Amino acid sequence: MSEIIISAKDIEVQFRVRENYLTAIRKVSLDLYTGETFAIVGESGSGKSVFTKTFTGMLESNGKITNGSIMYHGQDLTKLKTEKEWASIRGVKIATVFQDPMTSLNPIRTIGSQITEVIEKHQKLSKSEAKAQAISIMGRVGIPNAAERFDNYPFQYSGGMRQRIVIAIALSCHPEILICDEPTTALDVTIQAQIIKLIKDLQKELGFTTIYITHDLGVVANVADRVGVMYGGQIIEYGTVNEIFYDPQHPYTWALLSALPQLGVKGEDLYYITGTPPSLFNKIDGDAFAPRNPKALKIDFAKEPPFFKVSDTHYAKTWLLDPRAPKVEKPAAIQNLHEKIARMTSKGGAFHVRTE
Amino acid sequence: MSEQNNREVLLSLKNVEISFDNGGKQKFKAVQDANFDIYKGETFALVGESGSGKTTIGRAIMRINELSAGEITFEGKRISGKLSKQEDTQVIRNIQMIFQDPAASLNERATIEYIISEGLYNFHLYQNEEDRIAKVDRALEEVGLLPEHKSRYPHEFSGGQRQRVGIARALIMEPKLVVADEPISALDVSIRAQVLNLMNKLKNEKSLTYLFIAHDLSVVRFIADRIAVIHLGRIVEIAETEELFAYPLHPYTVSLLSAVPMPDPIIEKQREPIVYADATEEKTGPDYAMREIRPEHYVYCTPEQAKRYAELAGQ
Amino acid sequence: MMERIEDNLFEFAEFDERESEHIAAPRYSYWKSVWRTFIRSKVTVFLSIFVIALVAFALIQPMHSGYSPTVAPNINNSEMKYLPPSSEHLFGTDNIGNEVWDVVWAGARNSILVSFVSTAIIMVIGILVGAVWGFSKKMDKWMIEVYNVVSNVPYLLLAMILSYVLGAGLGSLIFVMVCIDWIYVAYFIRTQVMIIRDREYNLASKCLGTKTFTMIIKNILPYLVSVIVTYISREIPSLISYEVFLSYMGLGLGTNYASLGRTISQYKSFMTGYPHLFWIPVLVLAAIAISLYVVGQKLADATDPRTHR
């Protein structure tokens, strides 16, 4: 039975931009269970990266956690201030893999030294022991001829290889939680498939919890056990991956699914969302998605909806779930989602299910 | 050749090779032996990953890159290599481009009005100021923007809106062929649909032909009539869209399709990606050529492989 | 937790698609934004007023002072010599009975004139040549060789030689400075142009058939405003000091023109006896050069849109 490994409650994050304040995270709560993969889906500006940065104390200097707590092993992470306090957590217990491997690695140091540096900092090993462990990790993440390539520089590796190294560095101290912030967005789709598989295999082997941030619903379907959908600095719906895909409740989740090109019918228009995300400089009354929601109720502009329970594992923050709201069906495009996608992948259709 | 006989060829690439100077050292061949035709009125997709050469081909058609061998023709006339000023003008009038990055493809210091009018100014395609402004207003409305936007600057707009400005800028020239170089890759997922719908609508209204360069196969499946798959500078497969997805034959195409994650948890959790063994070097040799395996379905292969593919596809 | 929410709030709201395209923010204007950013700092505003006053005064005062370097009306009046600064003689008097006030402003005027005019000409030539140089790959091949040769010759040496050959005077000094400095500006602009030449919006302009000259004016130069202003903010004080140095060495403006450099050179022998004679022109020179530089830097920052709110 898995237990809660980290618990964030009512987190609020503000950034000071010149003389104004931007509320990037507006009261977000999240519990993570050991060994699971939780995907956070959202578009740019939704706050998904900012939220996970609070777990490692990596908010930019003009950002502050203005409310809430993050309980991890009995400690409130929001109370940690100095680098020394974070030293035993960041990179050790909670590690992050970022999107761009080129900027995550130091271009003027060898790959090997960047891995051993992390090992030596957190484990009491000799130089040769650290090197041996580093080479072993490099092999684990799929670098061929790891021993020879130990002294190479980042520019001598391809993008996919570099990301593998970044993963190796992140896992070198056996963290409990791995945050993957769009780790494959900058990579080709064939490399992406390999990296996703690598992370999954390593998770099975090492037993860490993964937080996966992405905007790609295909990747979410592949990796996630549970999903949280973020919009305008809040999680507006969360549930198991099947619940989110096959029984979504929030109009924004509907919109995200409806816009999938796989559901497009040739010759007809694809579904899209008009307008732009809200400015987080201003206080938002009501549901942040309301201005772009053709099915918005008047109350969506007046009062912020609470979370309504759909099942023990599935909650959505929309007034449509209030008993007084009119019955609104999810759009026709995303009904029978599974059948529609299965038809595209059946025999004779590409995207083979594992056969040959 | 089958039903394509009555279709007019608009653009044709013959044995195109594009190589770049590495500063005296051996030239780097970005594109080798590219051959394909684009028919009038279709959306032809060129699909590949980074470094495949797809953008290079697009830019060569726009005459930004030079060919080191081969030829490109438009409506039967050569448009690659040295052209007279008049011929060059004709190319610009007939072929326009939509760029990938909405942040970088618009002049930040110019108003929307100037950006859209730029082509009109260059060839004086308007009768007077009123006419020009009317054209700009109409172009803006066609892409779903408001005429009041024309006095604003690019950075005041969202990515999707900027991309639509880029489309307006290209289409105000009334081209016959539009080369769209990854026009939606840099946009948020929910905005992509809007731009795709717009491109389809404009294509029907103005009888356009598109060369759609992309790496996202799900999008390509929705928008394209025919698809060419390119890998490391070589075109490895050309077929109609549904034909390609039903019968992917070249091993690279197979691995590409199998790598795309489907937005369905039940299906995704069962899948295994198929890895292309020759990912770093394109398998080639004297026996290799584009061979027609099924009607209008070409694969880059040897005669023995061709036989095998034909059997696999039940031909 | 259920408060009293009226049931009619659970009706559909109106939805206007075109509304969502509307941009609420006020219209942006680059130069208005530059101005607003520039005057944000009180120090900047103060210094700007100071500089403008200083320059205006330096340009106007000598026209009414009646001072000329070739005339010394009080040369035989020993009571007018070596007077310290007082309310009558604001900067005191020098060894030949001239008002140091008049001498200093006359010299400052010429320093400012030479540097402003030279800078203007240098920038115009340098930007035009540099822009074409940055665009033309063919021109780059041979121009870069020329630049490499010329830039290795010591600047000051060249200035001194040219100055000696062409003789003293306002016009020839301006000519010397322009001759030596334009190529550095050209090189700088060429590098900047090469950085932005291949950006997508420039490719887009090429695809639309835009001519190179139009691209330079509309696509490239607007982006370079900030770096050009930065360059000017350093060039003007730099040329002032070169003029002062050359005149100090006896080259430069020559004996017919008032010059801070020559003045400082003449007064340096009185440094211990009558220090006000030496230090006042030096301080005036410093005040002009430094405030010009600081205001120029602030303007350069203001023209960089990344600093705009």
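A:Lys27 is placed in strand 2 (residues 20–33) of chain A. The model is a predicted one, and the values below are computed from it. The phi angle of A:Lys27 is near 65°, which is a positive value in a residue other than glycine. A:Lys27 has 15 other C-beta atoms within 10 Å and is therefore partly exposed, since a residue is called buried at 20 or more such atoms and exposed at 12 or fewer.

Chain B has a residue that can be described in the same terms. B:Glu75 lies in the loop between strand 4 (69–74) and strand 5 (77–78) of chain B. The phi angle of B:Glu75 is near 50°, again a positive value in a residue other than glycine. B:Glu75 counts as partly exposed because it has 15 C-beta neighbours inside 10 Å.

Next comes helix 5 of chain B. Among the buried residues are B:Gly160, B:Gln161, B:Arg162, B:Val165, B:Ile167 and B:Leu171. The elements of chain B that cover them include strand 6 (95–98), helix 3 (112–123), helix 4 (129–142), strand 7 (177–181) and helix 6 (189–206).

Chain B also touches chain A. The contact involves 38 residues of chain B and 44 residues of chain A. On the chain B side, helix 6, helix 7 (217–223), helix 8 (241–246), helix 9 (251–259) and helix 10 (265–268) each supply at least two residues. Helix 6 of chain B gives the most, with seven residues. Sorted by class, the side of chain B that touches chain A has 22 nonpolar, ten polar and six charged residues.

One residue of chain A shows contacts with chain B in detail. A:Val189 is placed in helix 8 (residues 189–206) of chain A. A:Val189 has 22 C-beta neighbours inside 10 Å and so counts as buried. Which residues is A:Val189 in contact with, leaving aside its neighbours within four places in sequence? They are B:Glu49, B:His215, B:Leu256, B:Ala259 and B:Val260. Within chain A, A:Val189 and A:Leu77 are 112 residues apart in sequence, and their C-alpha atoms are 36 Å apart in space.

Chain C touches chain A as well. Here eleven residues of chain C are in contact with 19 residues of chain A. The residues on the chain C side divide into six nonpolar, one polar and four charged.

Inside chain C, helices pack against each other. Two packed helices are described by the angle between their axes and the distance between the axes. The axes of helix 2 (residues 42–65) and helix 3 (residues 100–135) of chain C come within 8 Å and cross at roughly 125°. These two helices of chain C, helix 2 and helix 3, are therefore oblique to each other, and their crossing is left-handed. Residues that meet include C:Phe57, C:Leu59 and C:Pro62 in helix 2 and C:Trp105, C:Ala108 and C:Ile112 in helix 3. By class, this contact has nine nonpolar, two polar and two charged residues.

Helix 2 of chain C has a further partner, helix 10 (residues 275–302) of chain C; their axes come within 9 Å and cross at roughly 135°. Helix 2 and helix 10 of chain C are therefore oblique to each other, and helix 2 passes helix 10 in a left-handed crossing. The residues making the contact include C:Leu47, C:Phe50 and C:Leu54 of helix 2 and C:Ile288, C:Leu292 and C:Val295 of helix 10. The residues of this contact divide into nine nonpolar, three polar and one charged.

The last stop is helix 7 (residues 200–207) of chain C, where C:Tyr201, C:Asn202, C:Ala204, C:Ser205 and C:Cys207 are buried. What covers these buried residues of helix 7 includes helix 2 (85–94), strand 6 and helix 3 of chain B, together with helix 6 (170–197) and helix 8 (212–248) of chain C. Helix 7 of chain C is followed by C:Gly209, which has a positive phi near 85°.

How values were computed. Residues numbered from 1 in each chain as written. Chains lettered and ligands numbered in written order. Predicted model: local features only at pLDDT ≥ 70, side-chain atom pairs only at ≥ 80, totals over all residues. Helix = DSSP H or I, 4+ residues; strand = E, 2+ residues; numbered from the N terminus. Contact = placed C-beta atoms within 7 Å. Nonpolar A, V, L, I, M, F, W, Y, C, P; charged D, E, K, R; others polar. Axes fitted to C-alpha atoms, helices over the stretch in contact; angles between N-to-C directions. Parallel < 35°, antiparallel > 145°, perpendicular 65-115°, else oblique. Left-handed = near helix turned anticlockwise from the far one by under 90°.
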